[in-house]
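I would like to walk through one structure with you, beginning with the whole chain and then moving on to a handful of residues.

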Amino acid sequence: MDIKYMKRALTLAKKGIGYTNPNPLVGSVIVKNNKIIGEGYHKVYGGSHAEINAFNNATEDVTGATMYITLEPCSHYGKTPPCAYTIVKKKIKRVVIAMKDPNPLVAGKGIKILKSNGIEVVTGVLEKEAKKLNEIFIKYITTKLPFCILKTAMTLDGKIATHTGDSKWISNEGSRRIVHKLRHQVSGIMVGIGTVLADNPMLTTRLDNKKGINPTRIIVDTRASIPLNSNVLKDCKNIKTIIATTKLAETKNIKAIKEKGAEVIITPLKENLVDLPFLMHYLGDKKIDSILLEGGGALNYSALKENIVDKIISFIAPKIIGGIDAKSPVGGKGIAFMKNAILLKEMQVSTIGDNLMVEAYLRKEG
């Protein structure tokens, strides 16, 4: 029964995807006499937490009920009062929690409050599923660095474009819909100047049945050479846009970009390129908790080399184009010896129509 109701709580939590960053995704269900009498989820950053919404939606007195929560209830004052004390006040008898809160401000304190007030607490129910749902929050709250997803789309022979540079479209419509869902989920989307010059993308979110949230657009441009008529600069007064550049950029270029409404960040030079670790710390300080990296081979290689990537999602189409000059998802100088190859773990493969979708995490230990 605990698994059944926790699954429902996790389903509710997913409704908040894209709206709660940098807060976690949380769902809650209140059960009394084997019947759900209240449920809620964290709907928007700064809004009521899942537990409070569940209480507000309760159809009868919650005294003596069991509450299911996907994340340990908060115990500190933030934008809202502590939920742990509200649970005690409402006289809940038993609380089932999927995962403890990694936030150092909570980290077991919410559970301690419940137990010290005589409430039975069970933890770890569907913990693995809860942690995967909140992988962005876990990384950000413990490091203050964005969770970075590197997304690629390639042919079966590992090409992201033909030798002429043509790339529309490699992946199918289903795969591209998933990419827009990813854009809706994250706080920022990053590409290099090469992608802007080749594709002139909008980098916006387009969903089928609802309005998507547009992430902050981040363009890595060492010399601030982005054309002023680029799509990403046409509406950057409405969609936050950041140009990350260096001291190699001309002052007139920086001034012109700012006049378009974009923010310009001047990072240190690292091997004559934008310092990506510096940029990640800057973005984290700006509460950008997650990045979808949709760059070309050069930026992808730099990101992997600098160890800022946490997860890779690759769409593979049943197409072959060949060509020694056709680009691959990861360019740059490359790895010299196989023993030094970048390793992945927890790989999962699924099908999206005739495309394969491969998800894996960077193996960073050791």
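Let me begin with contacts across the sequence: among the contacts in this chain between residues at least 6 apart in sequence, 71% join residues at least 24 apart. Please keep in mind throughout that what we are looking at is a predicted model.

In terms of secondary structure, the chain comes to 12 helices and 16 strands. Its radius of gyration is 23 Å, close to the 21 Å that the globule rule gives for 366 residues, so the chain is as compact as a globular protein of that length. Of the 366 residues, 52% count as buried, and the accessible surface comes to about 18200 Å², with 53% of it belonging to carbon and sulfur atoms. As for charge, there are 55 positive and 33 negative side chains, and the centres of these two sets lie 3 Å apart.

Most residues other than glycine have a negative phi, and most peptide bonds are trans.

Lys287 belongs to the loop between α11, residues 276-285, and β13, residues 290-293, and because its relative accessibility is 47%, it counts as partly exposed. Asn307, again not a glycine, has a positive phi of about 65 degrees, and it is found in the loop between α12, residues 297-305, and β14, residues 311-317. With a relative accessible area of 47%, Asn307 is partly exposed.

Thr216 has its place in strand β8, residues 216-220. Is Thr216 buried or exposed? Its relative accessibility is 12%, so Thr216 counts as buried, and if we leave aside its neighbours within four places in sequence, its contacts include Ser187, Lys240 and Ile288.

Asn355 is found in strand β16, residues 355-362, and its relative accessibility of 2% means that it counts as buried as well. The side chain of Asn355 makes a polar contact of 3.0 Å with the side chain of Asp354. Not counting residues up to four places away in sequence, Asn355 touches several others, among them Ser171, Asn172, Ile316 and Ser350.

Lys345, which is in strand β15, residues 344-352, is partly exposed with a relative accessible area of 25%. Lys345 and Tyr361 are 16 residues apart in sequence, and from C-alpha to C-alpha they are 5.3 Å apart in space. Val196 itself is in helix α8, residues 193-199, and counts as buried at 4% relative accessibility. Beyond the residues up to four places away in sequence, Val196 touches Val191, Pro201, Ile219, Ile226 and Ser230.

I will finish with Asp157, which is found in the loop between β6 and α7 and counts as partly exposed at 28% relative accessibility. Asp157 and Ala317 are 160 residues apart in sequence, and their C-alpha atoms are 9.2 Å apart in space. Leaving out residues up to four places away in sequence, Asp157 touches Lys319, Ile320, Ile321 and Gly322. For one of these, Gly322, the side chain of Asp157 reaches the backbone nitrogen at 2.7 Å, while a polar contact of 2.4 Å joins the side chains of Asp157 and Thr155.

How values were computed
Residues numbered from 1 in each chain as written. Predicted model: local features only at pLDDT ≥ 70, side-chain atom pairs only at ≥ 80, totals over all residues. Heavy atoms only, no water. Helix = DSSP H or I, 4+ residues; strand = E, 2+ residues; numbered from the N terminus. Rg over C-alpha atoms; globule rule 2.2 N^0.38 Å. Buried < 20%, exposed > 50% of the residue type's maximum accessible area, 1.4 Å probe, protein only. Contact = heavy atoms within 4.5 Å. Areas by Shrake-Rupley, 256 points an atom, 1.4 Å probe, with all protein chains shown as cover. Lys, Arg positive; Asp, Glu negative; His and termini not counted. Charge placed at Lys NZ, Arg CZ, Asp CG, Glu CD. Polar contact = N/O pair within 3.5 Å; in protein donor to acceptor, adjacent residues only side chain to side chain.
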